[in-house]
Amino acid sequence: MATLKQQLAAFRAATSVRKDGHNPFFNSSYYELEDILNALKGASDFNVYFAQYFSDGNLVTEIEHEKEVMRSFIKLPELHEKNHQEVAKQITYFRRIQLITMFGICEPDNDGHGTAVESGLSPHRSGSKASDGAPPSSSDADDFL
């Protein structure tokens with residue numbers, strides 16, 4: 001029986017996400033949450049499921065395969081904004097980052113300007129490892145994302 005890490009690796013090998021978001025202020029591109037969620041629909045083909053929810057001031061993301069569960073917590077900052085749109089933008093950003101990180105969705109152009117690819121510094125590794133919730137060791141830090 002395949003493990004969660006093996007299923008995540010197989011999912012990553014079969015999945016791609018386009019950076020369709022554009023930030024005109026920095027003239028850069030990024031993954032939109034909708035694009036990430038659409039790509040993650042295919043995770044169920046690998047018997048991998050995820051959920052995101054709030055608990056005790058944290059954004060929690062869980063990824064599950066069979067009886068294995070991986071959890072990640074992001075402590076949400078105090079949101080003093082009276083503008084609810086700004087609060088929603090911050091939460092959306094945290095959701096995107098958590099999903100990108102936990103699923104190991106590669107950002108070959110990690111600064112949105114093409115410099116990582118041009119310089120050969122793409123973080124993509126074939127057969128990259130998924131996190132089991134612990135920080136990566138120095139030996140597998142390059143494979144963490």
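Modeller: First, a term: helices (H or I, at least four residues) and strands (E, at least two) are DSSP runs, numbered from the N terminus. Keep in mind that this is a predicted model. The chain holds four helices and five strands. Their order from the N terminus is α-β-β-α-β-β-β-α-α. Of its 145 residues, 34% count as buried.

My pick is helix H3. H3 covers residues 84–103, 20 residues in total. From first C-alpha to last, H3 reaches 28 Å, close to the 28 Å expected at 1.5 Å a residue.

Now its buried side. Val 87, Ile 91, Phe 94, Arg 96, Gln 98, Leu 99, Ile 100, Met 102 and Phe 103 are buried in H3. What do they pack against? Two helices are among the partners: H1 (4–14) and H2 (33–40). The strands are S2 (28–30), S3 (49–55), S4 and S5.

Ile 36 is in contact with Arg 96, Leu 99 and Ile 100, among other residues beyond four places in sequence. Val 17, Tyr 31 and Ile 105 are also on that list.

Next, the core. The largest nonpolar core has 18 residues. Phe 103 is one of those with the most contacts inside it, along with Leu 8, Ile 36, Leu 40, Val 48, Ile 63 and Ile 105. H1, H2 and H3 each give two or more residues to this core. In soluble globular proteins, nonpolar side chains tend to be buried together.

Just after H3 comes Gly 104, with a positive phi of about 70°.

The bridge partner of Ile 63 in S5 is Met 70. S4 (residues 58–65) and S5 (residues 68–75) run antiparallel, joined by eight bridges. They form a hairpin, with two residues between them. Glu 66 lies in the loop between S4 and S5. Phi of Glu 66 is near 55°, a positive value in a residue other than glycine. Most residues other than glycine have a negative phi. Glu 66 is partly exposed, at a relative accessible area of 39%.

Asn 47 sits in the loop between H2 and S3. Its phi is positive too, near 60°. Asn 47 is partly exposed, with a relative accessible area of 27%.

Terms used: Residues numbered from 1 in each chain as written. Predicted model: local features only at pLDDT ≥ 70, side-chain atom pairs only at ≥ 80, totals over all residues. Heavy atoms only, no water. Pairing = 2+ DSSP bridges. Buried < 20%, exposed > 50% of the residue type's maximum accessible area, 1.4 Å probe, protein only. Expected span 1.5 Å × (residues − 1). Contact = heavy atoms within 4.5 Å. Core = buried A, V, L, I, M, F, W, Y, C linked by side-chain atoms within 4.5 Å.
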